[in-house]
Amino acid sequence: MSSREYGNPGVHHGRTGIFREVVRAAVLIIFVTACRTTFLEAGTRDGITIRAIPSWVSTVRIPGADPDFSPAAGEGSSYLLVDEQYDVASLTWFYHVAVKVLGPTGLQELSTLKITYAPSYNRASVHYVRVRRNGLIHDLLSRQTFNILQRENSLEYNLYDGRLTGVLLLEDVRPGDTLEYAYSVRGQNPIFGGKFLGSFEMRYSIPIQLRYCRLRVPAGRTIEITADTPYTLPKPADEGGHSTYVWREKNVPALTMEEDVPSWYDPYPRIRLSEFHSWQDVAGWARDVYAASRSETGGLEEVVDRLRADHPTPEEYACAALTFVQDEIRYFGIEVGQSSHRPTSPAKVLKQRFGDCKDKSLLLCALLEGAGIAADPVLVNSWKRAEIVVDHPWPLAFDHVVVRIGLDGEEYFVDPTETLERGPLTGRCMALETKGLVVGEGSDGLVDIHPREGVSSREQYEEYFRITDFSRPVELEVVSKFYGARANYARNFFGRRTAKELEKIGYEYYSGEYDGVHTLEPMRVEEDDTVGNTFTLSERYSIDSFWTRSATINRKQAAVYATLVRRLLGGLPDEGRTVPLGINHPRSIEYVTFVDFPEPWDVEDDASFVNNEAFQFTYSLTGAGNRVKIEYGYTTLTDRVPPESFRKYEADVTSALSNIGTIFTKYPDGIMSFTPVFFILTGALLLGGFFPIRRAVRLRKAGADPPEPDAGSPAESTTPAGGDTPVIEQSPTVDDPAEEEDPDSPPADPVVPAPVPEGISGFLLLPAMGLIFRPLVNMVEMGDFIALFNSGRWDALTTESGEGYMPYFGALIGAEYFLNGALILFGVVAAIYFFRKLKEAPRLMIILIIAGPALFLLDALVVDHLQYAVTAVQGDDSTDLVRDLLSVIIWVPYFLTSKRVKNTFVR
């Protein structure tokens, strides 16, 4: 029996299905005997028999064209017929397939036939391999032979099963051909005592035009038939002393495996066939299989005595025996024939120092029983775990073996195939809810295997960001600590890595989060406490680009995230999903981030708590002096989310993700910030300009003239309403005759009128230049936003599941674009009025001058209000705002009082 693969078995990331693997790899992996560890023996004249179809087989013809059937889009082949039939009396399985080659892809897939078989107990017969082309049948089997190879595909899992592979290269197969082949396999693994086992897989990841399944049962034998939804048990037909059951389905649709499903979830419906009628039958079979091997314990006395001498108490001895089997007996299984389920004797396993899960489990039982401690092997399913209860009672329900230890009235379920486990016995028990079948006296059904309560199995991460200067690289120190079962995992994963491998793991993790990461001290094992069972790692880095400039406002920002928690929370169900969502369970994580600044950094304390049926999430933010502390907690409660809970789960995950990141903002030094002080000073500037503006407005409304010139100075020239000739007015002398004009005196010089200021010149050239260049500057500034839309930052800021999600950020950017665009258009209109010297130009210029700082202040208020994370402000690049406010103070009075303005804009 094969042990599970190493790694977390909590979540599948998609599966193509057994039949899909056959098609895609052009490998016909045939399920001989329902044990699923035995494959078809095929052969050529070197051993495979070429025979006629057995007489008991019911002939099924290839279906004709059906307008309701079409192959999957993009496929290179179309499966017309998949025909399987079992004969219980002869333990023979018949397989018949017809597939049409549609194009080059299908040609590549189907032109090589591979048949894998175990030669110890199967006999395979190939009936035909032929091609139908243009109404003619071409026999491919008569002129070709198989090449026999020993490939041992299971060696990567440290398993040797002795199977051979027959490879047949099909000649002259063309697009448009229909390839048809048939063969049968007789015999099954004798480990099952002659009892029949089999199954039909009814759906695949490709469509099938006709799916045909038939079971032939002789009189006197009873087969338990278990059919998954939507299939049912058909009414049997009597065929010459045999009962036959037929399942026939046309136009079988393809079934696609969803991503991120629980490990136990299998969407492919099956019909299971077995002569085992109950779990009690399976328990009796298992006792018989293990009995002979379990009695052979000679040669273990030396190991038992040594372990007892060094570990006198029963619990200490149990831990020592478990460690011995885990670490000193390497995992390797020889599973030829009956060895697929029958364990090797403990004495032989000890001598050879290797074995698979059942071998190591039986050796541990023998060592424990040698010290008077009760122990039994337990059959489990490493993927289905507790969901095995919905399976049919048969030996094929199990794929792994563990051990139950009875000690002081308590039961401990441990896995001898794990390695580098440490700590007390309670902390080394299986961490997942499981059901198993005990191989021992009195066992007649499945038992519950519960994780031990009160056992600490968690992980803790501490990150220290040390900022000594805002213009220098930031130092990051990380301490990772694992407890209980997670310490066992970390010890097994990290403890086996070389220093170079550890350095690469740490660097790749943080360089994926920050730019300009340099390793100061590579990841290393800081402490391995085998008594308390804790495992600690440490690492240290330098980050050159910790601070980045904001895309919208001239300020620096830095973001820190609980990356691991974010990844574990990341899998949200797609719209319309109808299958459970798998969760990586069990996980209990504490993630703490400290950020040390070179100056006091004020933050507003914050906290949140999310309680979902599948997980719990906590978040808190606190600050004191120069340090900010962010704490996260994430604990899973189950390994699945059912479809009816998707809506609440998605809402709770989104709520948790909204707090998963923290952004710190640093404004340039020496510039005011958007703080109360900033708004007070801004108000002072506005008030400072208010009074001269108000005075100018009052003067304009009152129609007041400028002060009269001093006595003796020339009078100002005026122009009568009726003409263009200037009239020179003189002040007549009324009271002083001495002032009368002497007629004999020479004429006085004429009084020359003062020049009239008008036209776009003088100071008026400055706003004219601004009207020309300001729209161009505004358009360039709007162009800076393009990078935000063309990168992943937009999704990260506007998607609720994004890393830096900001509520209303998309609306804010839209308003920014609208207002800035409106301002540019308004500037163009003002420029037209200005250069055409229209009367409304001064008023438009005043509105344009005031609009700049007004929009700036409004934008600042909205941005600060919507900032979702910590915005600890240390200054603000408000140079533009100060400039605009000075413009208001200078240019608004100018446009209200200037004579040049009055004389120029007259049209």
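Reader: Is Asn 381 buried or exposed?
Author: Asn 381 is buried, with a relative accessible area of 9%, where buried means under 20%, exposed over 50% and partly exposed in between, using a 1.4 Å probe and protein chains only. This is a predicted model, in which local features need pLDDT of at least 70 and side-chain atom pairs count only at pLDDT 80 or more, while totals for chains, interfaces and linings use all residues. Residues are numbered from 1 along each chain as its sequence is written, and side-chain values use heavy atoms, with hydrogens and water left out.

Reader: Where is Asn 381 found, and what does its side chain reach?
Author: Asn 381 belongs to the loop between strand E23 (374-380) and strand E24 (400-407); strands (E, at least two residues) are DSSP runs, numbered from the N terminus. Its side chain reaches the backbone nitrogen of Trp 383 at 3.0 Å, and a polar atom of that side chain lies 2.9 Å from the backbone nitrogen of Lys 384.

Reader: Which residues does Asn 381 touch, leaving aside those up to four places away in sequence?
Author: Asn 381 touches Ile 388, Ala 397, Phe 398 and Asp 399, a contact being heavy atoms within 4.5 Å.

Reader: What about Arg 385, where does that one lie?
Author: Arg 385 lies in the loop between E23 and E24, and it is buried, with a relative accessible area of 5%. Arg 385 has a positive phi of about 50 degrees although it is not a glycine. Most residues other than glycine have a negative phi, and most peptide bonds are trans.

Reader: Which peptide bonds are cis, then?
Author: One of them joins Thr 229 and Pro 230, with omega about 10 degrees, and Pro 230 is found in the loop between strand E15 (224-227) and E16. Another runs from His 585 to Pro 586, with omega near 0 degrees, and Pro 586 is in the loop between strand E34 (581-582) and strand E35 (588-596).

Reader: How many bridges pair E16 with E17?
Author: Strand E16 (residues 237-238) and E17 pair in the antiparallel sense over 2 bridges, and two strands count as paired if DSSP finds at least two bridges between them. Asp 238 has Ser 243 in E17 as its bridge partner. The hairpin of these strands has 3 residues between them, and there Gly 240 takes a positive phi near 60 degrees. E17 (residues 242-252) is also joined by 10 bridges to strand E14 (residues 208-218), and those two run antiparallel.

Reader: Changing topic, how many aromatic pairs are there in the whole structure?
Author: A search finds 39 aromatic pairs, counting rings of Phe, Tyr and Trp (its six-membered ring) whose centres lie within 6.5 Å, with planes under 30 degrees apart called stacked, over 60 edge-to-face and the rest tilted. Among them, Tyr 95 and Tyr 183 form a tilted pair, 5.5 Å centre to centre with 40 degrees between the planes.

Reader: Why does that pair tie together separate parts of the sequence?
Author: Tyr 95 lies in strand E5 (residues 92-101) and Tyr 183 in strand E12 (residues 178-186), so the pair links parts that are 88 residues apart in sequence. Tyr 95 and Tyr 183 are both buried.

Reader: How confident is the model, in terms of pLDDT?
Author: The protein averages a pLDDT of 80, and 77% of the residues score at least 70; pLDDT is the predictor's confidence in each residue, from 0 to 100. Over residues 670-679 the pLDDT is below 50, and this stretch has 25 contacts in the model beyond near neighbours in sequence.

Technical notes. Helices (H or I, at least four residues) and strands (E, at least two) are DSSP runs, numbered from the N terminus. A polar contact is a pair of N or O atoms within 3.5 Å; within protein, one must be able to donate a hydrogen and the other to accept it, and residues adjacent in sequence count only if both atoms are side-chain atoms.
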